[in-house]
Amino acid sequence: DDSYSLGDINLFDLSGSPEDVGEAYGEILGSSASQLHDIWVAQKLNSSMIPVIDWLWDCSLREWTPKSFLLELEGIKRGGVKAGIKDLGRKVARVLTVSNLPSDTQNIEILVQNEIKRHGPPSNTSTCSSRIPEIRSALQSLLLVPQPTQRSTGHCDFFAAWGSVTEHGRLLSSRNLDITSDTGISKHKILTVYRLSGQHAYATMGFAGYFGALGGMSEAGITVSEANLDNGNVSFDGIPWPLRLRELLGQATTLQEARKMWASRPNSAAFNFLVGSAKDAPHGPAAVALETMAGFNGEFVGDSDIERKATFSCVNGTITDGRKCSWPNNGGKSVRIGEPMHDAVYRSNHALHPLVMKYGEPLWNDTVMRYFLLHDRLSEATTGGMKLTAEGAVNITSLLGIKGPDYGSCDRSNFQDSTHVMSLVYDPSQVEAYMAWEDGHAETWTPAACNVYLHVNLKQWFD
């Protein structure tokens with residue numbers, strides 16, 4: 001797309017066995033994948049934590065990863081060798097592992113300590129146990145770095161709407177990615193189509209070298225999205241979530257199937273997720289919002305009494321989950337934080353299920369404001385007999401992307417602490433998607449929502 005100064009949005013069409021797909025990926029995208037690794041890992045952790053990341057993959061996440069993805073990873077390694085990229089399989093696995101980590105140091109420490117306990121004392125003869133002294137030493141280097149006690153502005157959001165809310169009752173869903181901006185990863189933006197043997201064709205949107213799904217849509221009408229949800233009840237005893245989303249895209253046909261697949265595997269870390277199903281839109285529910293942590297999923301399919309009754313109170317300065325509670329003029333008063341709709345679900349970065357909230361960090365104003373902003377804009381779309389269209393879904397999604405203090409402004413003076421890196425809208429019954437990425441650098445940088453949304457019909461790639 002000529003509108004992006006950082007380069008084209010590349011489309012990569014992959015078909016065949018997992019090994020073949022992986023080898024092609026590694027050989028053609030090896031250089032970009034290696035560069036993504038260097039940026040992705042560095043923006044999350046210092047280099048002394050690399051042994052911890054490798055240990056978490058080798059001794060925890062790998063054992064929960066489906067065999068087909070391990071074969072694909074081996075193919076990526078072979079393709080990297082052909083491209084002259086050393087240890088590409090390891091680098092791609094690190095990006096995957098870092099993506100599963102909690103956002104804050106407090107919960108990273110809890111996660112690593114949980115895995116150390118699981119693998120037993122260092123005196124054990126297993127390779128994973130014998131590496132524990134090294135892991136503890138590396139973890140200490142992370143803990144010595146001063147960490148903020150107050151949460152910065154939030155990360156990511158999504159919504160799904162159908163039935164009475166949308167034009168023709170069809171499913172429309174979204175995904176905003178808000179992470180550290182202007183790092184260089186958007187030089188490697190990519191739309192990847194997977195046509196693997198025995199699976200539904202599907203597309204993921206993201207960056208070369210991220211072989212899981214940050215977001216995606218399948219020919220069966222399944223859509224997937226994710227948003228951060230930091231929580232102290234964390235574990236790596238589960239399938240890596242970016243691969244879990246790819247698995248749903250490749251195998252699920254209905255929302256019931258997707259929910260059954262989700263329940264069959266334990267969670268890794270704690271996040272909010274959205275799974276939509278176009279086939280279910282005529283009768284609903286057509287999407288489920290999942291608030292996840294170790295050993296538990298809070299499921300919401302619209303018009304939830306649990307969501308409606310959710311409240312939060314803050315005594316300023318109280319520390320929970322390593323964070324200070326700060327809620328202006330609250331003084332411990334119970335505040336309503338949930339407002340569900342009948343044919344829609346939406347989330348920013350807080351939980352609404354009481355069990356998930358029990359282990360969460362204190363809420364901050366921005367995540368609650370964005371949740372209600374989603375509710376209000378979706379409600380407005382149905383006033384006076386109107387229905388939400390694909391264009392309207394793009395408008396709502398672009399409004400929610402974190403651009404600066406004024407969410408509605410694309411004026412360059414507003415881009416303070418902006419984190420909006422990628423923005424997606426899915427229209428699965430039409431086999432269409434809308435996507436935008438950040439662009440530029442330094443003084444010319446612009447958030448994804450302020451750039452052109454590429455409208456893609458994926459039918460020709462799925463057939």
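These notebook entries record what I looked up in a predicted model.

**Entry 1. The eight-stranded sheet**

I traced the strand order first. The sheet is open, has eight strands and runs E1-E4-E5-E6-E7-E8-E9-E10, with mixed pairing. I noted strand E1 (10–16) and strand E10 (296–300) as the edge strands, each of which pairs on one side only. From one strand to the next, the twist averages 20°.

I then examined one end of this sheet. Strand E9 (residues 287–293) pairs with E10 in the antiparallel sense, over five bridges. Within this pairing I found Leu290 opposite Glu299 of E10.

**Entry 2. Helices on that sheet**

Helix H1 (residues 18–42) lies across E1, strand E4 (189–196) and strand E5 (202–207), and it runs at about 145° to E1. Helix H9 (residues 255–263) lies across strand E8 (271–277), E9 and E10, with a direction at about 10° to E9.

**Entry 3. The six-stranded sheet**

I recorded an open sheet of six strands in the order E15-E2-E3-E16-E17-E18, with antiparallel pairing. Strand E15 (344–347) and E18 each have a single partner strand, so one side of each is left without a neighbour in the sheet. The twist here averages 10° from one strand to the next.

Strand E3 (residues 172–178) and E16 run antiparallel and are joined by six bridges. I located Val425 in E16 as the bridge partner of Ser174. Helix H12 (residues 365–380) packs on the sheet, where it touches strand E2 (158–161) and E15; its direction makes about 155° with that of E15.

**Entry 4. Aromatic pairs**

**Entry 5. Charges over rings**

I checked Trp262 again for a charged neighbour. The charged end of Arg244 sits over the ring of Trp262, 3.8 Å from its centre. I found a further arginine, Arg246, over the face of Tyr194, at 3.9 Å from the ring centre.

Terms used: Residues are numbered from 1 along each chain as its sequence is written. This is a predicted model: local features need pLDDT of at least 70, side-chain atom pairs count only at pLDDT 80 or more; totals for chains, interfaces and linings use all residues. Side-chain values use heavy atoms; hydrogens and water are left out. Two strands pair if DSSP finds at least two bridges between them. Helices (H or I, at least four residues) and strands (E, at least two) are DSSP runs, numbered from the N terminus. Axes are lines fitted to C-alpha atoms, for helices over the stretch in contact, and angles run from 0 to 180 degrees between N-to-C directions. Contact means heavy atoms within 4.5 Å. A charge sits over a ring if NZ of Lys or CZ of Arg is within 6 Å of the ring centre and within 35 degrees of the ring normal.
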